[in-house]
Amino acid sequence: MEREALETAAERLREKMELASLVNFNRVLLDRYHGIATEQATKAYRSSQVAMAVGLAILVAAVLAGWNFQGSADRIFVGSAAAIGTAFAAYLSRTYMQTYERALQQLNQFFNQPVLNGYFLTAERMSEQLPAERRAAVMERIIADVLESGKEMHFASTTAVPAPRRTARRA
């Protein structure tokens, strides 16, 4: 069904290259993109939860094992294993959470796209009401704005990586 919608939109675009056909084709592609980004966000969030649970389980198991062992060498070994295991689980959890945050940013871009398309369609329709001598200049501006917004969205999608949060230490 998804493939049929894409083929239908592509065929309409081939028949008549106009902004409405291009927007429809873009909408179909965005729907596919939304599905992929949502799936990635869901997987990353679930993986993060699993990593957190594993880290907590390692920590609880180490505490219980530490109470049961009498020798200091055994307790040091269990404590070291717990520290390493918990640190690794925390690293994985944070990595998955960063992936989740990135997927959410991409989903936000997805929801901005129809608004931009609406603006461009409105501008195109309004330009048809203008006198012929002004229409060419307005259409050139619309084209420039479409290209500029595409460039800005591409730049935002390739550079919008969240900065790590750092807290300042007080002296």
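Q: How much space lies in the largest pocket?
A: A pocket is an open set of points on a 1 Å grid over the protein atoms alone, where a 1.4 Å probe fits, with protein on both sides within 12 Å along at least five of seven lines. Points are joined across faces, edges and corners, and the volume is the space filled by probe spheres set on them. For the largest pocket that comes to about 560 Å³.

Q: What kind of model is this?
A: Residues are numbered from 1 along each chain as its sequence is written, and side-chain values use heavy atoms, with hydrogens and water left out. Local features need pLDDT of at least 70, side-chain atom pairs count only at pLDDT 80 or more, and totals for chains, interfaces and linings use all residues, since the model is predicted.

Q: Which helix gives the most to the lining of the largest pocket?
A: Lining residues have an atom within 4 Å of a point, and there are 23 of them here, with Asn26, Gln113, Asn117, Val146 and Gly150 nearest the centre. Helices are DSSP runs (H or I, at least four residues), and strands are too (E, at least two), numbered from the N terminus. At least two lining residues come from each of H2 (19-68), H3 (72-127) and H4 (132-159). With 9 residues, the top contributor is H4.

Q: What pattern does the chain follow along the sequence?
A: The secondary structure comes to 4 helices and 0 strands. Read along the sequence, that gives α-α-α-α.

Q: Is Ser48 buried or exposed?
A: Ser48 sits in helix H2, and its contacts (heavy atoms within 4.5 Å) beyond four places in sequence are Ser93, Tyr96 and Met97. Its relative accessible area is 0%. The cut-offs are under 20% for buried, over 50% for exposed and partly exposed in between (1.4 Å probe, protein chains only), so Ser48 is buried.

Q: Which residues is Ser93 in contact with, leaving aside neighbours within four places in sequence?
A: Ser93 belongs to helix H3. It counts as buried because its relative accessibility is 9%. Its partners are Ser48, Ala51 and Met52.

Q: How far apart in space are Ala10 and Leu22, C-alpha to C-alpha?
A: Ala10 is in helix H1 (residues 2-15), and at 13% relative accessibility it counts as buried. Leu22 is 12 residues away in sequence, and the C-alpha separation is 8.5 Å.

Q: What angle lies between the planes of the Tyr45 and Tyr100 aromatic pair?
A: Rings of Phe, Tyr and Trp (its six-membered ring) pair if their centres lie within 6.5 Å; planes under 30 degrees apart are stacked, over 60 edge-to-face and the rest tilted. The count comes to 1 aromatic pair. Tyr45 and Tyr100 form a tilted one, 4.9 Å centre to centre, with the planes at 40°.

Q: Which helices hold Tyr45 and Tyr100?
A: Tyr45 is partly exposed at 36% relative accessibility, and Tyr100 is partly exposed at 22%. The pair ties together parts 55 residues apart in sequence, because Tyr45 and Tyr100 lie respectively in H2 and H3.
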